[in-house]
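Me: I would like to learn how to read the features of a structure, one at a time. Please give me the general idea first and then the case at hand.

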Amino acid sequence: MKKIMSLVLVFVMVFAFTGCGKTKNIEFPFQVSDVETIVTYRYNVPADAEKKILTESDDVEEVINVLSGITLRDKKVEEHTGSTVTSFQFNLADGTSYDIIYVSEAVKSGTLILSDDDTKWFTSADIGALWNTGDGDAVKADMSELPSIE
């Protein structure tokens, strides 16, 4: 009987501790219809940054749906040099913008920073693949344009 109780206690403790990590999904403070454009930036070195501008409502909706559907975890991730940064600047009809910055740490994982949140979130979603959304050509971006979240 003691062995069974011990096993149950160990199981409960393991379950409780694995559930302690903070998780969330992105909740945008705007509607899809509020977005006029999404400017997507991508670079390994800021001086070599490129950008694409998404204006088609289907492309805007796709980016927002993908980002809304991923799970973020509050988890320490070691920063690596040479990571690819993919960022999204949502330009809204009211003249404001909302930024998301994704720093890849591996093929399909990395750190996500939201403009309305101080936490650096970990995700195993392949957010870098969103760079391929839309038909627009990539053009050189000036370093001063790149989203920055302090």
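Predicted model: local features only at pLDDT ≥ 70, side-chain atom pairs only at ≥ 80, totals over all residues.

**Reading the features one by one**

Me: How do I read the fold, and which pattern does the protein chain follow along the sequence?

Reply: Start with the elements and then take their order. The protein chain has 2 helices and 9 strands. Their order along the sequence is α-β-β-β-α-β-β-β-β-β-β.

Me: What share of the contacts with a separation of 6 or more is made by residues 24 or more positions apart?

Reply: For the protein chain that share is 64%.

Me: Turn to charge. Which residues form the negative surface patch?

Reply: A patch of this kind is built from residues with over 30% relative accessible area and no salt bridge. Here the negative patch consists of E56, D58, E61, E62 and D135. One of these, D58, sits in helix α2, which covers residues 57-68.

Me: Is D58 buried or exposed?

Reply: The cut-off for exposed is over 50% relative accessible area. D58 has 59%, so D58 is exposed.

Me: Next, salt bridges. How many are found in the whole structure?

Reply: The pairing to look for is a side-chain nitrogen of Lys or Arg within 4 Å of a carboxyl oxygen of Asp or Glu. A search of the whole structure gives 2. One joins the side chains of K24 and D117, at 3.1 Å from N to O. This pair links distant parts of the chain, 93 residues apart: K24 belongs to strand β1 (residues 23-25), and D117 belongs to the loop between β7 (109-114) and β8 (120-123).

Me: How accessible are the two partners, K24 and D117?

Reply: K24 has a relative accessible area of 27%, so K24 is partly exposed. D117 has 16% and is therefore buried.

Me: What is the N to O distance between the side chains of K51 and E145?

Reply: These side chains meet in a salt bridge at 2.6 Å. K51 is in strand β3 (residues 50-54) and E145 is in the segment after β9 (139-140), so the bridge ties together parts 94 residues apart in sequence. K51 counts as buried, at 16% relative accessibility, whereas E145 counts as partly exposed, at 27%.

Me: Now single positions. Where is S87 found, and which residues does S87 touch beyond four places away in sequence?

Reply: For a single position, take the element, then the accessibility, then the contacts. S87 is in strand β5, residues 85-92. With a relative accessible area of 1%, S87 is buried. Setting aside residues up to four places away, S87 touches V39, T40, Y41, I100, I101 and P147.

Me: Let us take a loop position in the same way. Where does I127 lie, and is I127 buried or exposed?

Reply: I127 lies in the loop between β8 and β9, and counts as buried at 1% relative accessibility. Apart from neighbours within four places in sequence, the contacts of I127 are L67, I70, F88, Y102 and L112. I127 and T86 are 41 residues apart in sequence, with 7.8 Å between their C-alpha atoms.

Me: Which loop holds T119, and what is T119 in contact with?

Reply: T119 is in the loop between β7 and β8 and counts as buried at 17% relative accessibility. Outside the four places on either side in sequence, T119 is in contact with K22, D74 and L112.

Conventions: Residues numbered from 1 in each chain as written. Heavy atoms only, no water. Helix = DSSP H or I, 4+ residues; strand = E, 2+ residues; numbered from the N terminus. Contact = heavy atoms within 4.5 Å. Patch = residues over 30% accessible without salt bridge, like charges linked within 9 Å, V, L, I, M, F, W, Y side chains within 5 Å. Areas by Shrake-Rupley, 256 points an atom, 1.4 Å probe, with all protein chains shown as cover. Lys, Arg positive; Asp, Glu negative; His and termini not counted. Charge placed at Lys NZ, Arg CZ, Asp CG, Glu CD. Buried < 20%, exposed > 50% of the residue type's maximum accessible area, 1.4 Å probe, protein only.
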